[in-house]
Amino acid sequence: MQESDETRTETPPSVPVDAAGPPGTLILVATPIGNLGDLSPRAAAVLAAADAVLAEDTRITRKLAQRFGLAPRLVSLRDHNEETMTGRVLARLAAGERLALVSDAGMPLIADPGYRLVRAAIAAGHRVTAVPGPCAATTALVLSGLPPAPFLFLGFPPPKAGARQARFTELAALERAGLSATLVLYEAPHRLAETLRDLADALGEGRPAAVARELTKRFEEVVRGHLGALAARYAGSEVLGEIVLVVGPAEGGAEPSEEEIETRLRAALAEGLSVRDAADRVAAATGAARRAVYARALALKGSAPG
Ligand code: SAM
């Protein structure tokens, strides 16, 4: 009988006795972000040899382990219990256990739990090491065609529109003050269009950007373009899958042109913003004097048809 995809197991790794390192070690283990072939032999060996595997969602990790013929002892470590679990994990490390930490996908700590535990383990003098591997942020970065360094990983932007726009306005201010880095963000598919719109409003329609979707999976796709065009492309369309946004660095230093201010103002007014709000947004995003931007917005509003 042919095995289904669910039941098929990958070749079990040969497990070196010392795979999990010396006693009292915390090992951060990267797991696949979609393609199971990306679980490294060393990662599998550590999962097999560790005294326990701290996992964000034990069901997901159990399934992954089963695919490789492994049955590690799993302990739940997620955002909401990380604080209380940390003491217990430190005690186990002190007793000489070798503990692996994994998240549901990719590199632990990268928009995933584990940071507080790692800090505490370092502070307590325990050995902390890693089995590096897949990470959606760096994979999207290198596929984007945008400068790989310096880059700034921002994790998920705030889900609420107001907080997200405020965050991007702060970012625009940092860029006016000299920050120039490729930006990498995670976003849920149902918020992709609005986040692209907010990025375009804050950082400029013409900023080069890329949307990386379903990396390492069957429907992997990287769409490269500019923020304004990408926002328009995804507006109103249903997008599925997992997404990383990459935005090219600010050019830096240049004063915003009249044309850029006008384009931004037209877009803001077309969205239905009042003259005051449109001027506030464009002045914040470009660093142009608010009084001048307000006057320009009033003139545009006055000359608008209807
Ligand atoms: N720790 C993970 C890592 O190293 O990439 C990220 C965990 S974070 C909770 C999950 C987010 O990462 C997803 O919502 C998506 O933004 C991004 N992501 C994860 N896998 C992805 C993939 N295969 N393609 C694109 N984005 C992915």
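Pro150 sits in the loop between α5 (136-143) and β6 (151-155); helices (H or I, at least four residues) and strands (E, at least two) are DSSP runs, numbered from the N terminus. The peptide bond that leads from Ala149 into Pro150 is cis, with omega near -10°. For background, most peptide bonds are trans, and most residues other than glycine have a negative phi.

This is a predicted model, in which local features need pLDDT of at least 70 and side-chain atom pairs count only at pLDDT 80 or more, while totals for chains, interfaces and linings use all residues. Residues are numbered from 1 along each chain as its sequence is written, and side-chain values use heavy atoms, leaving out hydrogens and water.

The loop between β8 (208-213) and β9 (221-226) holds Glu214, whose phi is near 55°, a positive value in a residue other than glycine. Thr216 belongs to the loop between β8 and β9 too, and its phi, near 70°, is also positive.

How exposed are they? Glu214 is buried, at a relative accessible area of 14%, whereas Thr216 counts as partly exposed at 22%. Here buried means under 20% relative accessible area, exposed over 50%, and partly exposed in between (1.4 Å probe, protein chains only).

## A buried threonine

Look next at Thr31, in the loop between β1 (25-29) and α1 (41-49). Thr31 is buried, with a relative accessible area of 2%. Beyond its neighbours within four places in sequence, Thr31 has contacts (heavy atoms within 4.5 Å) that include Leu39, Leu64, Asp104 and Pro134.

## Domains and their interface

The domain assignment gives domain 1 (3-134), domain 2 (137-247) and domain 3 (258-303); such bounds come from an automatic or database domain assignment. The centres of domain 1 and domain 2, taken over C-alpha atoms, are 30 Å apart. Six residues of domain 1 touch eight residues of domain 2 by the contact criterion.

Between them, domain 1 and domain 2 bury about 510 Å², with 65% of it on carbon and sulfur atoms. On the domain 1 side, Ile33, Ile110 and Ala111 lose the most area to domain 2, together 69% of what that side buries. Buried area is the accessible area (1.4 Å probe) that two parts lose on being put together, summed over both.

## The whole protein

Overall, the protein has 11 helices and 10 strands. Of its 306 residues, 46% count as buried.
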